Amino acid sequence: MIALSLAEVAAVVGGEVVLPAGAGGTTGAEPGAVAGAGTTVTGPVVIDGREAGPGSLFVAFVGERSDGHDHAAQAGEAGAVAVLGSRPTPLPTVVVPDAREALQRLASHVVEQVRRAGGLTVVGITGSQGKTSTKDLLGAVLAHAAPTVATRGSFNNELGMPLTALRVEPDTRYLVLELGARGRGHIAELTALVRPDVAVVLNVGQAHLGEFGSREAIAEAKGELVEALTAEGTAVLNADDHRVAAMASRTRGAVVSFGEAEGADVRVGGLRLDRLGRPSFTLATAQGDVPVTLRLVGAHQALNAAAAAAAALAAGVTPAQVGEALDAVETLSQWRMELTERADGVVVLNDSYNANPESMRAAVDALVSLGADHAVRRTVAVLGEMRELGEASPEEHRAVGSYAAQRGVDVVVVVGASAQGIADGAGQRAVLLPDNAAAVAWLREHVAEGDAVLLKASRGARLDEVAASLQ
């Protein structure tokens, strides 16, 4: 974060600096009016006191079960110099009526300061699936060219986005923001805080279908990202998804497309997979063709890489830099297509962070590609519930089970009664187990040398615990 005194923070967020008892009383936003008001925040802004470091600003929220203000002292011990909250604490505190609103206002201010001073380019990414993988790929490509800040994990909501934005430094040249939405207006609210220069929309799928009600409503919400662009901005749209391609009419900026479609501006061609399901392909661009060999598992990663490449080119990175950076990416965020090969030859593909019908099928495809290797004896898909699908949930679970069976997965281990539909769809290939403990026990008894095992479900199913025991 750029250095700001508490008085400056207070001025930005409309708060009052309140010092601890015995530290000289209180003050408004006049710099240096009272000893302590000039305390400078230089470290990260955090909402978990345990993550504080030297110079940190700890943002305290009052929740249903805990009050962050009670943890101010802990944050201070970890290095925090001040608190942003709704009441005084043992640390110097900028007191505001609404800590979330204050956090967002501070993020807007910091980004605009860096943008004006150093030519910061902001890239926003949204979509029903693939956001985090594409964000990771794009972050790696841009970091190869210049100092870059990108969303960590899936920290993409009304708190995660401003916390990411507040990590920019004076020398940051690229800010990559993953933007999630659980309803109309959510992305518009986020982009009102930090305006994107490049807006990437990956796809319109069925994630959160239960909350939105229809794919058309999802498309309406995702398109808010391209509507936030100025005429100088660039919308990066998936040419293979007609709902995304149609968003070209909703932006004032230039439009660049990506995909496998013949007319895509950044096109994936010659796609092939190695024995571990890692894709190689050519990216055809207006600036020349770029050969890419990813170290990531899954054919779907080629399209994510194309989206990242299109965004990077729009941000001024050269094709050669794009190719070099993509080839070098070894890992994504935790529990996303993590490939582990045990000493006994068992291959574990841990994609347990989250799931929806489209990402389930992509993960099954990746498992099948692993199974094509002559060294693999048997493919085992450990699948759990997909949440937030609304009325379509039973049908979509059955469809995933049927897809796994059609693709030739040898054993479909279904975890939890809520995922019963997957077992129904997989038929005789299915093994239905009540919970994670039962899944761990089954895998320990039945998985043997040469098996390839996929683990995939919505985050709430916590199949990462099963993966950890298997790995």
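Asp 464 counts as buried in this predicted model, because its relative accessibility is 7%, which is under the 20% limit for that class. Side chains of opposite charge can pair when their charged atoms come close.

**Salt bridges across the whole structure**
- A search of the whole structure finds 24 salt bridges.
- Some charged residues are joined in a network of salt bridges, which links Glu 112, Arg 115, Arg 195 and Asp 197.

- Arg 215 forms a salt bridge with Glu 358, with 2.6 Å between the closest N and O atoms.
- Arg 215 belongs to helix 8 (residues 215-222) and Glu 358 to helix 13 (residues 357-371), so this pair ties together parts that lie 143 residues apart in sequence.
- Arg 215 counts as partly exposed at 26% relative accessibility, whereas Glu 358 is buried, with a relative accessible area of 17%.

- Arg 182 forms a salt bridge with Glu 388, and here the closest N and O atoms are 2.6 Å apart.
- The pair links distant parts of the chain, 206 residues apart, since Arg 182 sits in the loop between strand 11 (174-178) and helix 6 (186-193), while Glu 388 sits in the loop between strand 20 (378-383) and helix 14 (393-406).
- Arg 182 counts as partly exposed at 45% relative accessibility, and Glu 388 is partly exposed with a relative accessible area of 33%.

How values were computed:
Residues numbered from 1 in each chain as written. Predicted model: local features only at pLDDT ≥ 70, side-chain atom pairs only at ≥ 80, totals over all residues. Heavy atoms only, no water. Salt bridge = Lys/Arg side-chain N within 4 Å of Asp/Glu carboxyl O. Helix = DSSP H or I, 4+ residues; strand = E, 2+ residues; numbered from the N terminus. Buried < 20%, exposed > 50% of the residue type's maximum accessible area, 1.4 Å probe, protein only.
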